[in-house]
Amino acid sequence: MPAKLTILTNGSIKVEGDFEVCDPQGGVFNVAGKPAVFLCRCGQSAKKPFCDGAHKTCGFTSEVKASA
Ligand code: FES
């Protein structure tokens, strides 16, 4: 399955399918075997670039609706 990114309301970005997560130098994060990962978009995670649930307590809000 090609990579699919879902921007979650008031939360992270869910990435699933065929993907890899790299740093700017091309290093690859070890996410082997994970069917999905969640990327932080609130900026408060202690595990960036991954979500650690901090968005639930930091007041982050972001309604998401795709537009054409
Ligand atoms: S989106 Fe979950 S900790 Fe930032």
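The exercises below go from the overall layout to single residues, each with a worked solution.

A note before starting: this is a predicted model, in which local features need pLDDT of at least 70 and side-chain atom pairs count only at pLDDT 80 or more, while totals for chains, interfaces and linings use all residues. Residues are numbered from 1 along each chain as its sequence is written, and side-chain values use heavy atoms, with hydrogens and water left out.

**Exercise 1. Find how many helices and strands the protein has, and describe its overall extent.**

Step 1. Read from the N terminus, the elements follow the pattern β-β-β.

Step 2. For the extent, take the principal axes: the C-alpha atoms fill a box of roughly 30 × 30 × 20 Å.

**Exercise 2. Work out the order in which the strands lie in the sheet, and which of them are at the edge.**

Step 1. Two strands pair if DSSP finds at least two bridges between them.

Step 2. The 3 strands form an open sheet in the order E1-E2-E3, with antiparallel pairing. Strand E1 (4–7) and strand E3 (36–39) are the edge strands, each pairing on one side only.

Step 3. Ignoring direction, neighbouring strands of this sheet are turned by 20° against each other on average. The angle is taken between axes, which are lines fitted to C-alpha atoms; angles run from 0 to 180 degrees between N-to-C directions.

Step 4. Now look at one pairing: E1 and strand E2 (residues 13–16) are joined by 4 bridges. Across this pairing, Lys4 stands opposite Glu16, and Leu5 stands opposite Val15.

**Exercise 3. Identify the residues of the largest nonpolar core.**

Step 1. A nonpolar core is a set of buried Ala, Val, Leu, Ile, Met, Phe, Trp, Tyr and Cys residues joined through side-chain atoms within 4.5 Å.

Step 2. The largest one has 8 residues: Ile13, Val15, Phe19, Val21, Val31, Val37, Leu39 and Phe50. E2 and E3 are the elements that give two or more residues to this core.

Step 3. Follow one member, Val21: leaving out residues up to four places away in sequence, it touches Gly27, Val28, Phe29, Val37 and Phe50. Here contact means heavy atoms within 4.5 Å.

**Exercise 4. Which rings form the aromatic pair, and how are their planes arranged?**

Step 1. Rings of Phe, Tyr and Trp (its six-membered ring) pair if their centres lie within 6.5 Å; planes under 30 degrees apart count as stacked, over 60 as edge-to-face and the rest as tilted.

Step 2. This rule gives 1 aromatic pair. The ring centres of Phe29 and Phe50 are 5.4 Å apart and the planes are at 90°, so the pair is edge-to-face.

Step 3. Because Phe29 lies in the loop between E2 and E3 and Phe50 in the segment after E3, the pair ties together parts 21 residues apart in sequence.

Step 4. Check accessibility: Phe29 is partly exposed at 29%, whereas Phe50 is buried at 17%.

**Exercise 5. Describe the surroundings of Ser45.**

Step 1. Ser45 lies in the segment after E3 and is buried, with a relative accessible area of 3%.

Step 2. Its contacts beyond four places in sequence are Cys40, Phe50, Cys51, Asp52 and Ala54.

Methods:
Buried < 20%, exposed > 50% of the residue type's maximum accessible area, 1.4 Å probe, protein only.
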